[in-house]
Amino acid sequence: MPLSVIGMIGVSPPKDDSTVHVIEGGLSRQFLEDFAKAHDEAGFDLVLVGYTSTSADGWSVATHAASVTERLGYLVAHRPGFVAPTLAARKAATFDQLSGGRFALHIIAGASDKDNQRDGDYLPKADRYARAGEYIDVMRRTWTSPEPFDHEGHYYRFGNVRADVQPLQQPSPPIFFGGSSDEALEMGAQRCDVYAVYAEPRAAVDERFADFRRRAAAYGRTPRFSISVRPILGDSEGEAWDRANRILGGIEAAGTDKLTVAGSHRGKPYDHGGERMLGYAAASDVHDERLWLKIAEATGAPGNTSCLVGTPEQVAESILRYYKLGLQPGGGLSDVGYVLIRGFDPFNDAVEFGRELIPRIKQGVAETDATSGESEAAADADVTAMAAAD
């Protein structure tokens, strides 16, 4: 599939329709099942299962959700350092086999120092990325090595490693990562399959893609990309903007009891990516046609807080413009292979996205790919004609 649409599932009903994060709170088995099924029925291809140091275990959440859905894939966020890479490799392979190849892994080595320290990890962020690189190396070797192997590195030492179970997806499930520091980018360029970024102004995203392609090429690798954004839809553009401002008001009125709530990070970035997002927000509330950054500004940009506001047709067109950033001069499919969309009324928005937004996105991608294919075929025909004339 040229573009996979990713959602995000949570484990307990949100308190209101101005929800910033969905993995927090307690655990409701019924809500989790209903939420996963809603994504499956709405046409999502995968869902992200997030990670914090206080939330429910993502592996267990994804395993249960997979048992009640038919085709939906699960992108499990995972922090290296708390589970041995050999064990994580077997957990991933087991999930992939039992789910019929519906597993992907998102490596998170950055995040806040405080959140890592709750689980006893006091390594500085640069060291966490270095450890993540070694971690992925051991995982991949565990997945693919036909013979037992030893490993002695800076962070890990293993002897006689072997696994009785390998992933159904060969040679391995896709590995995602995010981050913008040099340490993150070098680790991801060398080892990961998909670079996930939040929606920023398209010119900036285009530059980030080009930089990462160059970094990956130095290791002989060809990456793919994922764009994360929060659509805010309305039957008309005015209705969408009215809803956007209501959501912002709800977030601003929520208090300061959590890092992700307005006020606790207002004007202060949550992380390095937040610094960049707040810079864009300071320059303008709206970029391109409808990229709205007021919620990112209100919260310090803790994760996916950049929004596309408009009708389903308008938002689908904006997402398609990001997809087209991945089209290369030589033709072929875009290397933007994923888009992650989630709303502030998480359950109801997932259902709503399935009615019109997701079909429009996929139709637009199919039409773009067909046009790109025709252009490539025409270019090939021109080359053949010139060769014949010579």
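**Figure 1. Surroundings of Leu327 in the predicted model.** Leu327 touches Gly332, Leu333, Ser334, Thr368 and Ser372, when residues up to four places away in sequence are not counted. The structure shown here and in the following views is a predicted model. Leu327 belongs to the loop between helix H11 and strand E13. With a relative accessibility of 27%, Leu327 counts as partly exposed. One of the residues that Leu327 touches is Ser372; the C-alpha atoms of Leu327 and Ser372 are 8.3 Å apart in space, although 45 residues separate the two in sequence.

**Figure 2. Asp335 in the loop between helix H11 and strand E13.** The loop that holds Asp335 runs between H11 (312-324) and E13 (336-341). Asp335 has a relative accessible area of 12% and is therefore buried, the limit for this class being under 20%. Leaving aside residues up to four places away in sequence, the contacts of Asp335 are Arg213, Pro223, Arg224, Phe225, Gly326 and Gln328.

**Figure 3. Packing of helix H1 against helix H2.** The axes of H1 (residues 29-42) and H2 (residues 58-67) lie 9 Å apart and form an angle of about 60°. The two helices, H1 and H2, are therefore oblique to each other. The crossing of H1 with H2 is right-handed. On the H1 side, Arg29, Leu32, Glu33 and Ala36 take part, and they meet Val61, His64 and Ala65 of H2. By class, this contact of H1 with H2 comprises 4 nonpolar residues, 1 polar residue and 2 charged residues.

**Figure 4. Packing of helix H3 against helix H5.** H3 (residues 85-99) and H5 (residues 125-144) cross at roughly 50°, and their axes come within 8 Å. This angle makes H3 oblique to H5. The crossing of H3 and H5 is right-handed. H3 contributes Pro85, Thr86, Ala88, Ala89, Ala92 and Ala93 to the contact, while H5 contributes Tyr135, Val138, Met139, Thr142 and Trp143. In the contact of H3 with H5, 9 residues are nonpolar and 2 are polar, and no charged residues are present.

Figure 5. Strand E5 (residues 149-152) and strand E6 (residues 157-161) are paired in the antiparallel sense over 3 bridges.

**Figure 6. The cis peptide bond at Pro171.** Gln170 and Pro171 are joined by a cis peptide bond, with omega at about 0°. Pro171 is located in the loop between E6 and strand E7 (175-177).

**Figure 7. Strand E12 and the strands paired with it.** In E12 (residues 307-310), Cys307 and Val309 point one way, Leu308 and Gly310 point the other way, and all are buried. Strand E9 (residues 224-233) runs parallel to E12, and 4 bridges join the two strands. In E12, Gly310 stands opposite Leu233. Strand E11 (residues 291-292) runs antiparallel to E12, to which 2 bridges join it. Leu308 of E12 is the bridge partner of Leu291.

Figure 8. Asp288 is a residue other than glycine with a positive phi, near 50°. Asp288 lies in the loop between strand E10 (286-287) and E11. With 38% relative accessibility, Asp288 counts as partly exposed. Ala301, also not a glycine, has a positive phi of about 55°. Ala301 is placed in the loop between helix H10 (294-299) and E12. The relative accessible area of Ala301 is 4%, so Ala301 is buried.

Definitions and conventions:
Residues numbered from 1 in each chain as written. Predicted model: local features only at pLDDT ≥ 70, side-chain atom pairs only at ≥ 80, totals over all residues. Heavy atoms only, no water. Axes fitted to C-alpha atoms, helices over the stretch in contact; angles between N-to-C directions. Parallel < 35°, antiparallel > 145°, perpendicular 65-115°, else oblique. Left-handed = near helix turned anticlockwise from the far one by under 90°. Contact = heavy atoms within 4.5 Å. Nonpolar A, V, L, I, M, F, W, Y, C, P; charged D, E, K, R; others polar. Pairing = 2+ DSSP bridges. Buried < 20%, exposed > 50% of the residue type's maximum accessible area, 1.4 Å probe, protein only.
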